[in-house]
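Please read it alongside the sequence and the coordinates shown here.

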Amino acid sequence: MISLRHTARSIFLAGLLAFAGATHAEAPGRVDPELFLNHVKHLSSPEMRGRGTGSEELDRAADYVAEKFKALGLRPAAPGGFFQYFPVSVAARFGSGTRLEFADGNHREKLSLNKDFQPLNFSASGEVSAPLAFAGYGITAPEYGYDDYAGLNVKGKVVIVLYHEPQEFDAASIFAGRMYTRHAQSFSKAMNARLHGARGIIFVGDAACNGNERSSLEEFAGAVGPADSGVPAVEVSIRAVARWLERGGLDLVQLQKEVDRDLKPRSLALPERFAVTLRSDVTRTRRMAPNVAAYIPGETAEHVVIGAHYDHVGGGEAGWPPNKQGGVFPGADDNASGTAGLLELARRFSSQPKARRGLLFLAFAGEELGLLGSSHYIEHPLLPLSDAVAMINLDMIGRITDRQILVGGINTGSTLHEIFNELLPWRGYSVDFSEQTVYGSSDHHAFLSKSIPSLFFFSGLHPDYHRSSDTWEKIKAPEAADLLDLAAAVIEHLSRQPDRPAFQTSPPATRTPAPPVAYGPVPI
């Protein structure tokens, strides 16, 4: 799981009584805690070495998941098998040919590599000379009614965009409060710029919020990361970009503050006399990483997506503090637990009579690098997204405390409240539906960006997150099985009820501000 930046506000529906007897809403059978824990043990074993995306160990984990799907009699969802491959970079470096020059009429400014600018590891190689445009945060988010490119033509231009996303320290922001969403990922911004016709992208620190933290450029990440974005991409210092904008009568900090104030884009084409010549010389070694996809057909083409990411961080992410690099991170809770839950739900539903809607089981790679696997899926779906009635995401479900289950996204579908009203109370558990708690940047967010109602099942944060101490011995298998039984009952509803939930948006509720919580790598 990646990029949470706040603390939770609890909205409890207390479960004081155990769920008495089976109802029409609960699927037959129970999740087996022992089988669940066996999956967790295998996926988080020393031999798996943290399942880093792009590693041989991740491939072995993918084989394990596919073998389990096959043994259960599930159909492969991808052409030719269970795997849907996408490219990742496992090593990158930039060459001496990398350069950047800014021109304002006769005034020319050559920037210094590593001091004033540097390429990003997902940059395409090549040279572009083009006029400039300022595109705010570089985000197109229809689910939030926000688009930095609205009314801005960037075809053939190089766009300047801010890191992160609007109102990042505002607990009531439509961008999931203090959580980073998928739109904060730099790779997503580069792809969005490309889709709008830009020929290159320049990232600049969001000075109004993080000026002191952005006094220097980020270290070039040469290890595992996203693949080629298709456009040259560089980071330029705040000082340099602010100086360019000042020549056009603009203030970088003020532009950001205005966007953050009312969420209205301040994007604009810069003066015609402004131009940059950008050459990016980045070489990378690529590998293919697999999503694992299996399908249980229904009576119709409609289906419920059930997902979990099976990757973890291997030996630590590039750019992390030195004390968090070089070890092995087992990732028992994050997210061997979610993957084990995915397999147990597949086992549970594999023996059920055919429902109105099918079930698509997706194990995603590359989540820890920026939702790469789920983002690839929604851009290259194996089944039509128009037939996906909802998405259920399982991420870190193995460490329930105080008999509290967290479920995000209940407001994203018109029938979801009704479903939970029929199911609760649930076996003596309380259920926290706080959108701010669990609405952010895990794989469900890729589906939300395509207006697909999504629910996020989660058991909460703990001190072992992204540490070598996230081991299987700490997993609470019986409690995780109860959470999965609740998820199964919701899936049973969604697969059989006549009406599909309509996608809907609602701003997160206002709450008392709280300091940010570090939760995974910063999305840059």
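Which residues of helix H8 are buried? In this predicted model, they are Leu372, Gly373, Ser374, Ser375, His376, Tyr377 and Ile378, so that helix H8, which spans residues 372–379, is mostly covered, with seven of its eight residues buried.

**Packing of H1 and H7**

- Helix H1 (residues 33–43) packs with helix H7 (residues 332–350) at an angle of about 135 degrees, and their axes are 8 Å apart; H1 and H7 are therefore oblique to each other.
- The crossing in which H1 passes H7 is right-handed, and the contact involves Leu35, Phe36, His39, Val40 and Leu43 of H1, together with residues of H7 including Ala332, Ala336, Leu343, Glu344 and Arg347.
- Sorted by class, this contact of H1 with H7 comprises eight nonpolar, four polar and two charged residues.

**Aromatic pairs**

- The structure holds twelve aromatic pairs, among them the stacked pair of tyrosine 163 and phenylalanine 203, with 5.4 Å centre to centre and 20 degrees between the planes.
- This pair links distant parts of the chain, 40 residues apart, since tyrosine 163 lies in the loop between strand S10 (158–162) and helix H3 (186–195), and phenylalanine 203 lies in strand S11 (residues 200–204).
- Tyrosine 163 counts as buried because its relative accessibility is 1%, and phenylalanine 203 counts as buried at 0%.
- Phenylalanine 456 and phenylalanine 458 have ring centres 5.6 Å apart and planes at 20 degrees, so this pair is stacked, and both residues are buried.
- Ring pairs also link Phe122, Tyr163, Phe187 and Phe203 into a cluster.

Methods
Residues numbered from 1 in each chain as written. Predicted model: local features only at pLDDT ≥ 70, side-chain atom pairs only at ≥ 80, totals over all residues. Heavy atoms only, no water. Buried < 20%, exposed > 50% of the residue type's maximum accessible area, 1.4 Å probe, protein only. Helix = DSSP H or I, 4+ residues; strand = E, 2+ residues; numbered from the N terminus. Axes fitted to C-alpha atoms, helices over the stretch in contact; angles between N-to-C directions. Parallel < 35°, antiparallel > 145°, perpendicular 65-115°, else oblique. Left-handed = near helix turned anticlockwise from the far one by under 90°. Contact = heavy atoms within 4.5 Å. Nonpolar A, V, L, I, M, F, W, Y, C, P; charged D, E, K, R; others polar. Phe/Tyr/Trp six-rings, centres within 6.5 Å; stacked < 30°, edge-to-face > 60°.
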